[in-house]
Amino acid sequence: TIPATKPGKRYVLYQDELATVGAIATAHLPSVLPSSFAFTFSSNGRRILYSGDLSADLHDYPLCAKETYFDLCLLEATHFSPETALPHLRLSQFGKLLFVHVHTTWQSQQGEEALLRAYASLPYPVFISKDGARFTL
C-alpha cells in the first residue's frame, strides 16, 4: 500500500533485471486518500509515462514529464482542452504522444483530424489510440 503523499513523490512498485514500474503521486483528487498516481514503465532503455486521469486545469499534470525524457506518453484526452494542455506539452520531453481515454468530441474522423491539428505544433508526433494499434519505441 502506498500512503497518501504530496504530488511529485515517486515510488518503485516493481523492479527486476528487465523492467521497473513506478508510481508518481498527482493531485487529481486531493480529497481522496491515498493520492492519485501517474505510472512509469521502463525496460531496455525505453521509458513510458501513463498520465492517468487529469483535471480540466491540469494542476495534476505529471511534472516528471517536464524533467525526464519518455519515449512514449499515454495521455488521456477527455477532461481538458488543447489550449490548456499545449503549454504543458510544449515543455514535456516525449518521443511520441498517444492520446487514450479520448472524449466523444474527438471520436469521429472529423474530430480526430481537429484534435491532431490542435496539437500539430508539438515537437514530437501525436497519435490517437485505436483498437489493435501497435507502436515501436
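1. Start with Glu112: setting aside neighbours within four places in sequence, this residue is in contact with Trp106, Ile128 and Lys130. Keep in mind that you're looking at a predicted model.

2. Is Glu112 buried or exposed? Its relative accessibility comes out at 16%, and buried means under 20%, so Glu112 counts as buried. You'll find Glu112 in helix H3.

3. Now for the rest of that helix. H3 runs over residues 109–118, and its buried residues are Gly111, Glu112 and Leu115. They sit on the same side of H3, because the arc they cover around the axis is only 100 degrees. As a reminder, an α-helix has 3.6 residues a turn, so residues three or four places apart point the same way.

4. What do the buried residues of H3 pack against? Their partners are strand S6 (94–102) and strand S7 (126–128). Look at the face of H3 turned away from this buried side and you'll see the exposed residues Gln109, Gln110 and Arg117.

5. Next, the largest nonpolar core, which has 27 residues. Leu75, Leu89, Phe94, Leu97, Phe99 and Tyr119 are the ones with the most contacts inside it. At least two residues of this core come from each of helix H1 (64–67), strand S5 (70–77), helix H2 (82–90), S6 and S7.

6. Not counting residues up to four places away in sequence, Leu89 touches Tyr61, Leu75, Phe94, Leu97, Tyr119, Leu122 and Tyr124.

Technical notes. Residues numbered from 1 in each chain as written. Predicted model: local features only at pLDDT ≥ 70, side-chain atom pairs only at ≥ 80, totals over all residues. Heavy atoms only, no water. Buried < 20%, exposed > 50% of the residue type's maximum accessible area, 1.4 Å probe, protein only. Helix = DSSP H or I, 4+ residues; strand = E, 2+ residues; numbered from the N terminus. Arc of directions from axis to C-beta. Contact = heavy atoms within 4.5 Å. Core = buried A, V, L, I, M, F, W, Y, C linked by side-chain atoms within 4.5 Å.
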